[in-house]
Amino acid sequence: MADASRPHRKRPALSYGQKVFLVATVPLVLAASAIALLVMFQARSLSEREIRFMELRLLEAKQAELVNYMSLARTAIQHIYGNAAPDDATAKREVAQILAAMTYGDDGFFFVYDYAGNNIVSPKQTYLINKNWYDAEDRNGGKVVQELISRARSGGGYHRYPWPQPSTGETAQMYSYVIGFQDWQWALGTGIWIDDVLAEVAQVRAGTEARIQRTFVFIILITLAALFLVFVSGLMLNLRERRLADAKLKELTQRIFDTQEEERGRVARELHDGISQILVGIRYTLELAARRLKTGKSGVADGIASSSTGLNDAIHEVRRISRDLRPGVLDDLGLGPALKTLVEEFSKRTEIEAVFETVVFRNRLADDAKTALYRVAQEALTNIERHAQATHVRMKLYGSRRGANLTIEDNGIGLKGTNQAISPGLGLRNMAERIEHLDGTLTITSSARGTRVEARLPLKHMLPPLESTEERKTA
């Protein structure tokens with residue numbers, strides 16, 4: 001039983017480069033293996049057919065040789081056998097003597113068995129003579145003499161079997177041709193050993209197998225070379241991608257620093273130009289009221305009232321700055337009310353006619369999606385205020401089967417009219433990166449009649465429907 005206290009070892013996750021290498025090499029290895037197996041199978045099949053054809057041709061040559069030997073034997077005994085009676089013992093003895101004397105080469109001879117299996121002629125294996133070999137078997141269990149007699153009874157034929165070779169005494173493959181003397185009930189045959197044929201076939205088969213092995217080795221070498229090229233290419237690609245990633249990371253880090261500095265500068269300007277001025281005015285008003293109070297002059301109450309009004313302005317200014325940094329209405333009431341407030345304040349501040357339209361979502365947006373869409377709207381309105389020279393702005397927020405959509409349109413002079421490209425600005429890049437981070441799309445189209453910014457977020461950022469109507473309104 002496994003120890004429950006033993007920590008579970010997590011399998012190391014594959015890196016992007018390793019995944020690319022596996023995706024590239026696994027199909028290559030499988031394809032090369034399949035090709036190698038197919039080539040080996042086809043080559044062996046073709047070589048076996050060629051070897052069988054060659055062996056058949058060689059055996060046909062041996063058959064022709066056996067037929068020639070048998071023709072010589074029949075010519076030598078035909079005048080005796082043709083004129084003899086079935087029971088002519090003298091003629092049989094005379095034919096047996098003629099056949100026993102007909103030998104050729106080191107191992108060539110003629111043999112005779114009667115249909116009962118008795119050996120009558122065997123000049124180079126005399127131990128067989130006058131013995132019955134009807135049930136004799138070769139080393140493979142074949143009934144050699146029975147098979148020869150059977151072929152002789154049927155008119156003649158060829159038979160291949162292992163048999164001791166007279167010159168060496170070793171068992172080898174013998175190829176025999178036998179005919180029948182039906183009147184005497186004799187099976188006359190001769191045979192030759194086909195060691196040369198088998199050796200040539202074995203040599204051809206070994207050469208073919210060697211060629212197949214060489215082909216297989218070549219395929220392996222080619223596959224290894226391809227894998228090496230894939231590895232080197234992947235390594236170079238990985239290094240290049242890493243350099244690009246490092247460069248992009250440095251650029252992104254610098255962009256973050258620039259954004260932070262820009263935001264800090266904006267907040268500093270807001271504090272200096274807004275709250276700081278208001279507080280300085282309040283201080284002077286309070287100091288003036290204090291001096292009047294000491295000297296007994298009138299107007300102290302007016303100074304205190306003015307200071308109270310200034311404090312209220314400071315409080316509103318702090319709330320405005322806080323709302324710009326992170327609007328509380330976005331967390332409390334949802335994206336729709338937050339955008340509506342943003343548009344109303346934009347219209348009030350810039351005196352540009354602005355309209356906000358929305359459709360109540362059946363699903364709630366996730367927090368990161370609400371923040372991304374709000375920042376896109378905020379940046380778009382800032383760009384309109386600074387550059388567009390527009391007189392009308394229309395913002396629309398709605399949901400669809402594909403997700404959430406936010407559209408901001410103005411009737412300004414367009415991005416080309418502002419001498420800006422569509423994508424290089426820091427604000428526009430931030431907008432695009434926010435949406436792309438959530439797997440959405442940001443589309444910016446501009447002409448002389450205005451600019452249209454459209455942000456789409458996929459359906460996965462929509463949370464399940466809420467049961468409460470009041471909760472749905474906060475979506």
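A salt bridge joins the side chains of Glu 454 and Arg 452, with an N to O distance of 3.3 Å. The model discussed here is a predicted one. Glu 454 is classed as buried, since its relative accessibility is 9% and the limit for this class is under 20%. Arg 452, with a relative accessible area of 28%, is partly exposed.

Glu 409 and Arg 394 also form a salt bridge, and their closest N and O atoms are 3.2 Å apart. Glu 409 belongs to strand E10 (residues 403-410) and Arg 394 to strand E9 (residues 392-400), so this pair ties together parts that are 15 residues apart in sequence. Glu 409 is partly exposed at 25% relative accessibility, and Arg 394 is partly exposed with a relative accessible area of 29%.

The structure holds 16 salt bridges. One of them is formed by the side chains of Glu 55 and Arg 160, at 3.3 Å from N to O. Glu 55 lies in helix H1 (residues 16-81) and Arg 160 in strand E4 (residues 157-164), so the bridge ties together parts that are 105 residues apart in sequence. Side chains of opposite charge can pair when their charged atoms come close.

The partners fall into separate accessibility classes. Glu 55 counts as buried at 17% relative accessibility, whereas Arg 160 counts as partly exposed at 33%.

## Other residues of helix H1

Lys 62 is placed in helix H1 and counts as buried, with a relative accessibility of 15%. The side chain of Lys 62 is joined to that of Asp 196 by a polar contact of 3.0 Å. When residues up to four places away in sequence are not counted, Lys 62 touches Tyr 175, Ile 192, Ile 194, Asp 196 and Val 197.

With a relative accessible area of 48%, Arg 52 is partly exposed. The C-alpha atom of Arg 52 is separated by 8.6 Å from that of Val 201, a residue 149 places away along the chain.

Gln 165 is found in the loop between E4 and strand E5 (171-181). At 12% relative accessibility, Gln 165 counts as buried. Its side chain makes a polar contact of 2.9 Å with the side chain of Asp 107. Leaving aside neighbours within four places in sequence, Gln 165 is in contact with Asp 107, Glu 170, Ala 172, Trp 193 and Asp 195.

## Enclosed space

Rolling a probe the size of a water molecule over the atoms shows where empty space is left. The count comes to 2 cavities of 30 Å³ or more, and the largest cavity has about 90 Å³ of space. This cavity is lined by 13 residues, of which Phe 111, Tyr 113, Gln 125, Tyr 161 and Trp 163 are the closest to its centre. Strand E2 (108-114), helix H3 (144-153) and E4 are the elements that give two or more residues to the lining.

The lining of the largest cavity divides into 10 nonpolar residues, 3 polar residues and no charged residues.

## The chain as a whole

The secondary structure of the protein chain comes to 11 helices and 13 strands. The chain has 475 residues, and 33% of them count as buried. Among contacts between residues at least 6 apart in sequence, 61% join residues at least 24 apart.

Ala 101 is found in helix H2 (residues 89-101) and is exposed, with a relative accessible area of 59%. Ala 101 and Val 121 are 20 residues apart in sequence, and their C-alpha atoms are 9.8 Å apart in space.

Key:
Residues numbered from 1 in each chain as written. Predicted model: local features only at pLDDT ≥ 70, side-chain atom pairs only at ≥ 80, totals over all residues. Heavy atoms only, no water. Salt bridge = Lys/Arg side-chain N within 4 Å of Asp/Glu carboxyl O. Helix = DSSP H or I, 4+ residues; strand = E, 2+ residues; numbered from the N terminus. Buried < 20%, exposed > 50% of the residue type's maximum accessible area, 1.4 Å probe, protein only. Polar contact = N/O pair within 3.5 Å; in protein donor to acceptor, adjacent residues only side chain to side chain. Contact = heavy atoms within 4.5 Å. 1 Å grid on protein atoms, 1.4 Å probe; cavity = no way out; pocket = protein on both sides within 12 Å on 5 of 7 lines; lining within 4 Å. Points joined across faces, edges and corners; volume = space filled by probe spheres on them. Nonpolar A, V, L, I, M, F, W, Y, C, P; charged D, E, K, R; others polar.
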